[in-house]
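Student: I would like to learn how to read the features of a structure like this one. Please take me through it step by step.

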Amino acid sequence: MTGPGPGLGQRAVLSRPLSVPLVAGVVGLLPLAVAAQPGEGVRDTAFWLQLVVAGYAGVRLCTMVLSGRRRLVQGAFWLFCYLAMGIAPLAQSVLGRDPTPVLGPRSDTLLATALVLAGMVAFDVGALLARHRPSVRSRRAPAATVHRRRLFVLIALAYLASGLLIVRLGGPAVFFTSRQEVGEALTEATTSDGEAGNALLRGFGTVPALLALLLLTRWLVTSRRARRRPSLLLCWAGLAGVNVVVNNPVSNPRYWFLTVLFALLFTLFPRSSVMYRAALALGLVVALLIFPFTDRFRYDEEGRRPVETGSLMEPLVIKDYDQVGMFANTVTYAGDGNGHTFGRQVVGAALFFVPRSVWESKPEDTGFLVGGWMGTSSANLSSPLWAELWLDFGPLGMAAGFVGVGYLAARTDRRYVERTLDDPSPGNVLAVVAPVLAGYSFILLRGSLLQASGRIGIAVLCLLLVTSFRQDPRTQLR
């Protein structure tokens, strides 16, 4: 097996002096500082179990940061777990405040917290199973590569689709106002097409542009010959401008912008362990300090609210971090006579493209379903992957699901490292897919699956368009 490449071992060694303060801060200092804050919350069993969840996720996040190998998907998973399933609900428990109402008894919150911890352990079991599976090198299938002519087809499609979105919404200016105004413009533009038309227009207007930019970035980063071609540089600059309009953080959900940011960073620096660690650290900073202030871009001028910062924990009780509370509400929803759905919600997410006019009994978005039971009309309620799997398959099915997720995440990370170290070709598809998956995992983990499925489907179509398994020099990127 080929070694890790020059300089990789040295970079791992250089990180060791930072390991003690990192572990102390992430695992000990921050959770204990949050737990020690004054608040109206009760220090009960659920509180102490939540502290255990934060500590466990913190240990695993530090393991990802200090690892000598880049584990993009696993690193994103543990970053989400530490913030959204660990520190934020711990702060909510201390303050006695929830981003969304939790209707059930405290025992349902305790059960939801225990299931969150069980899902994390199951994820680790799956990753451990993948680690002990023999390497794929001896029986590797032909690598997926980008077909040069099809890439230009995707670029043309990206320009057309994004241009259509911009024109239908009234020009570029609306994308720099607020998410509310963009949503209203989308609704007006797709009145006759309904919710599905709204999602398709926005999905095709944003996803092809991002993937085309990433694939072209990969080509330019790894090929000196490509960087000498003015036409490619001009094309890249045009795509960058299109993405600034359609994928900017003002008019897009914050988790989608995290996807764009992570994918672009990992594509620009495919072999840098330093950038990998910096990206995880940047994710912590963005989620803790920047997310609350970007909430002002969600509404128009009349609806914008000032960010309250009377406490250091105020940013952790905003609606972005309602995952554990919504999981507790899902537990209460099922116990209120609704029961488990036995795969119905997951099937509905997988078949997201089927219109309700054809499938009248198509399942509702899980967050919206539980929200309706709660008596709220808000469509912006999360349904974390834990809740989705538990509602469909129960605790054993949820655990099995996370074993599978951990296994696939570890296998993807392993293949990504092998491909980017041993196959630094410009047309390496996995070198772009893994960063996108790492970024998009924030959306998949937050949920709901139905909301996340549309962009996944469009991304798969785009990748199928450009991917080739034929090792033909005439069609490969050089």
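Student: How are α5 and α13 oriented to each other, roughly parallel or roughly perpendicular?

Tutor: Two packed helices are described by the angle between their axes and the distance between the axes. Here the model is a predicted one, in which local features need pLDDT of at least 70 and side-chain atom pairs count only at pLDDT 80 or more, while totals for chains, interfaces and linings use all residues. Residues are numbered from 1 along each chain as its sequence is written, and side-chain values use heavy atoms, with hydrogens and water left out. The axes of α5 and α13 come within 8 Å and cross at roughly 115°. The two helices are therefore roughly perpendicular to each other.

Student: What do the terms helix, axis and perpendicular stand for?

Tutor: Helices are DSSP runs of H or I with at least four residues, strands are runs of E with at least two, and both are numbered from the N terminus. An axis is a line fitted to C-alpha atoms, for helices over the stretch in contact, and angles run from 0 to 180 degrees between N-to-C directions. Angles under 35 degrees count as roughly parallel, over 145 as roughly antiparallel, 65 to 115 as roughly perpendicular, and the rest as oblique.

Student: Which hand does the crossing of α5 with α13 have?

Tutor: A crossing is left-handed if the near helix is turned anticlockwise from the far one by less than a right angle, and right-handed if clockwise. The crossing of α5 with α13 is right-handed.

Student: Which residues of α5 and α13 meet?

Tutor: Contact means heavy atoms within 4.5 Å. From α5 come Asp108, Thr109, Leu111, Ala112, Thr113, Leu115 and Val116, and they meet Val324, Phe327, Ala328, Val331 and Thr332 in α13. By class, this contact has eight nonpolar, three polar and one charged residues. Ala, Val, Leu, Ile, Met, Phe, Trp, Tyr, Cys and Pro count as nonpolar, Asp, Glu, Lys and Arg as charged, and the others, Gly among them, as polar.

Student: At what angle do the axes of α11 and α17 cross?

Tutor: Helix α11 (residues 254-268) and helix α17 (residues 430-446) have axes that come within 8 Å and cross at roughly 160°. That makes α11 roughly antiparallel to α17. Among the residues making the contact are Trp256, Phe262 and Phe266 of α11, with Pro435, Tyr440 and Arg446 of α17. The residues of this contact divide into 13 nonpolar, three polar and one charged. The crossing of α11 and α17 is right-handed.

Student: How many salt bridges are there?

Tutor: Side chains of opposite charge can pair when their charged atoms come close. A salt bridge is a side-chain nitrogen of Lys or Arg within 4 Å of a carboxyl oxygen of Asp or Glu. By this rule the count is three. One of them joins the side chains of Arg106 and Asp44, at 2.8 Å from N to O. Arg106 lies in helix α5 (residues 106-131) and Asp44 in the loop between α2 (19-35) and α3 (45-66), so the pair ties together parts that are 62 residues apart in sequence.

Student: Which other side chains pair in this way?

Tutor: Arg60 and Asp124 form a salt bridge at 2.9 Å, N to O. Arg60 is in helix α3 and Asp124 in helix α5, so this pair ties together parts that are 64 residues apart in sequence. Arg414 forms a salt bridge with Glu418, with the closest N and O atoms 3.8 Å apart. Both Arg414 and Glu418 lie in helix α16 (residues 385-422), four residues apart, about one turn of the helix.

Student: Is Glu418 buried or exposed?

Tutor: Buried means under 20% relative accessible area, exposed over 50%, and partly exposed in between (1.4 Å probe, protein chains only). Glu418 is buried, with a relative accessible area of 5%. Arg60 and Asp124 are buried too, while Arg106, at 37%, counts as partly exposed. Of the 478 residues in the protein chain, 53% are buried.

Student: Which residue has a positive phi although it is not a glycine?

Tutor: Phe342 does, with a phi of about 55°. Phe342 lies in the loop between α13 (323-338) and α14 (344-350), and at 69% relative accessibility Phe342 counts as exposed.
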